[in-house]
Amino acid sequence: MCGVFGVWGVPEASRITYLGLHGLQHRGQESAGIVTARGDQLYSFKRMGRVADVFNESALDALPGTVAIGHVRYSTQGMSIVKNAQPFAVEFAGTSLAIAHNGNLTNAGELRAELEAAGSLFHTTMDTEVFVHLLARAKGTLVDRLQKVLPRVRGAYSLLILTPDQMVAVRDPHGFRPLIVGRAPSGGPVFASESSALRLVEAVAEREVEPGEIVRVDADGETSHRVGASLPQPHQCIFEHIYFARPDSQIFGARVYEVRKAIGRRLAREEPVADADVVIPVPDSGTAAALGYAQEAGVPYEMGLIRSHYAGRTFIEPSSSIRHFGVKLKLSPVEHVIRDRVVVVVDDSIVRGTTSRKIVRMLREAGAKAVHMRIACPPTKNSCFYGIDTPTTAELIASTHSVDAIADFLDADSLAYLSIDGLHDSVTGRPGFCDACFTGNYPVPVPQVRFEGRLTERD
Ligand code: AMP
């Protein structure tokens, strides 16, 4: 779970990248970084924290040039420490190179062990660093090197690479994570994980970087190259549509907002609630799906829960602790909308079930007559190994409990999920999705030893 952004040939590239990263902030809040190029030098600044907290005027002024890449990080692999913040910049074959990565590699452990045995010294615990060592050992131009080493790398990667005289954007052959190319008003190309990053910098989306494509930019223009042969169809992450991408983005050839509404409409047809008085979303993740559900069901849609956007990661609690403090910080009920009503509450997904349980309790305390929970995807039973942060299967409630048992745990009057067919029918755009978190059909093999959990730290 990360976001990448890059611009070529625009004045004030660091400021444009700063704004672009702001439009990707939902993809990662742990660290942010920008690397620019001027002359034969790269300039880097990265810190822990959100984009607006990491950068100030003087930090951006110290990043000169008309070319930049940036990254926001939510660690799925490698520890959450500043050493692991990206873009990752190194001295490389007599020049400098910076890399920004969204995704997770599935064979990083094997590749790292092999590289270390051959003498590579790793500086971070990130799988991203594997790319750098592989590239350093290959020969030829950067594109030659990428074409040689990428077939050895398995898993998910949307990459931006910057050297003083070129920028390269790469998407893995499965196309797990999104990556688009847009155009800045100055005519220069802009790369971004999602189109939500483009509006603020007044760039226009042009196309997706294709699965298995390398786009190279230099002073002479843009060229396109392949990483190996095309696959019959991609494995785009379906969970991007359900939860992760911003609803105003267009990814994988479809509008996220419309996909979420279609999911809600389908859910209403599959799992109606006979005597519902009101449909409410869990904001913001369930908002669009709940709207679709309410429209299809012909039941009034209300904002029965309000989200506070100002709670940070840690907050001081009175020593006489407040019950369910965490969820109260984030969500608060609009009591008169809920009192004495049969409430359908729609959320995007259930992971551990702890949030949903607290929401049901909050709605009951606000006086709901009944609480029916509807979930905009099938039960999440399997961990993701391609870049979404999911806990171990032991912690995924749907992996160890039936739907009825989860309903009991949540204390909901009823609980129902969207079917897998309902999900696939609702997702439009380019066909070919990875749905391993629901079905266990992993398109890229995951080492058996790690099936029981998420990727483990390697140091
Ligand atoms: P819980 O069931 O308490 O673990 O949390 C479920 C909520 O977390 C859902 O309503 C989602 O909005 C949100 N969510 C789903 N997937 C993720 C994820 N990979 N990382 C963070 N939050 C998530």
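Residues are numbered from 1 along each chain as its sequence is written, and side-chain values use heavy atoms, with hydrogens and water left out.

**Confidence**

- The protein chain averages a pLDDT of 93, and 96% of the residues score at least 70; pLDDT is the predictor's confidence in each residue, from 0 to 100.
- Over residues 449-459 the pLDDT is below 50, although this stretch has 36 contacts in the model beyond near neighbours in sequence, a contact being heavy atoms within 4.5 Å.
- Where pLDDT is low, the predicted coordinates should not be read in detail.

**Ligand**

- An oxygen atom of the ligand lies 2.5 Å from an N or O atom in the side chain of Thr-355, and a backbone N or O atom of Val-351 lies 2.8 Å from an oxygen atom of the ligand.
- For Ser-285, a polar side-chain atom is 3.2 Å from an oxygen atom of the ligand.
- On its own the ligand has 500 Å² of accessible area, of which the protein covers 85%; accessible areas come from the Shrake-Rupley method with a 1.4 Å probe.

**Seven-stranded sheet**

- An open sheet is formed by 7 strands in the order E3-E2-E4-E1-E10-E9-E11, with antiparallel pairing; two strands pair if DSSP finds at least two bridges between them.
- Strand E3 (41-48) and strand E11 (204-208) stand at the edges with a single partner strand each, so one side of each is left without a neighbour in the sheet.
- Strand E1 (residues 2-8) and strand E4 (residues 67-73) run antiparallel and are joined by 7 bridges, and Phe-5 stands opposite Gly-70 in E4.
- Helix H1 (residues 13-22) packs on this sheet, where it touches E1, strand E2 (31-38) and E4, and its direction makes about 25 degrees with that of E4; axes are lines fitted to C-alpha atoms, for helices over the stretch in contact, and angles run from 0 to 180 degrees between N-to-C directions.

**Six-stranded sheet**

- In a further open sheet, 6 strands follow the order E5-E6-E7-E8-E12-E13 with antiparallel pairing.
- Strand E5 (88-92) and strand E13 (221-226) stand at the edges, each with a single partner strand, so one side of each has no neighbour in the sheet.
- Strand E12 (residues 213-218) is joined to E13 by 6 bridges, and the bridge partner of Val-215 in E13 is Ser-224.

**Backbone sites**

- Most residues other than glycine have a negative phi, and most peptide bonds are trans.
- Gln-86 and Pro-87 are joined by a cis peptide bond with omega about 0 degrees, and Pro-87 has its place in the loop between E4 and E5.
- A cis peptide bond also joins Pro-283 and Asp-284, with omega about -5 degrees; Asp-284 lies in the loop between strand E17 (278-281) and helix H9 (287-297).
- His-324 has a positive phi, near 55 degrees, and is found in the loop between strand E18 (305-307) and helix H10 (325-330).

How values were computed:
This is a predicted model: local features need pLDDT of at least 70, side-chain atom pairs count only at pLDDT 80 or more; totals for chains, interfaces and linings use all residues. Helices (H or I, at least four residues) and strands (E, at least two) are DSSP runs, numbered from the N terminus. A polar contact is a pair of N or O atoms within 3.5 Å; within protein, one must be able to donate a hydrogen and the other to accept it, and residues adjacent in sequence count only if both atoms are side-chain atoms.
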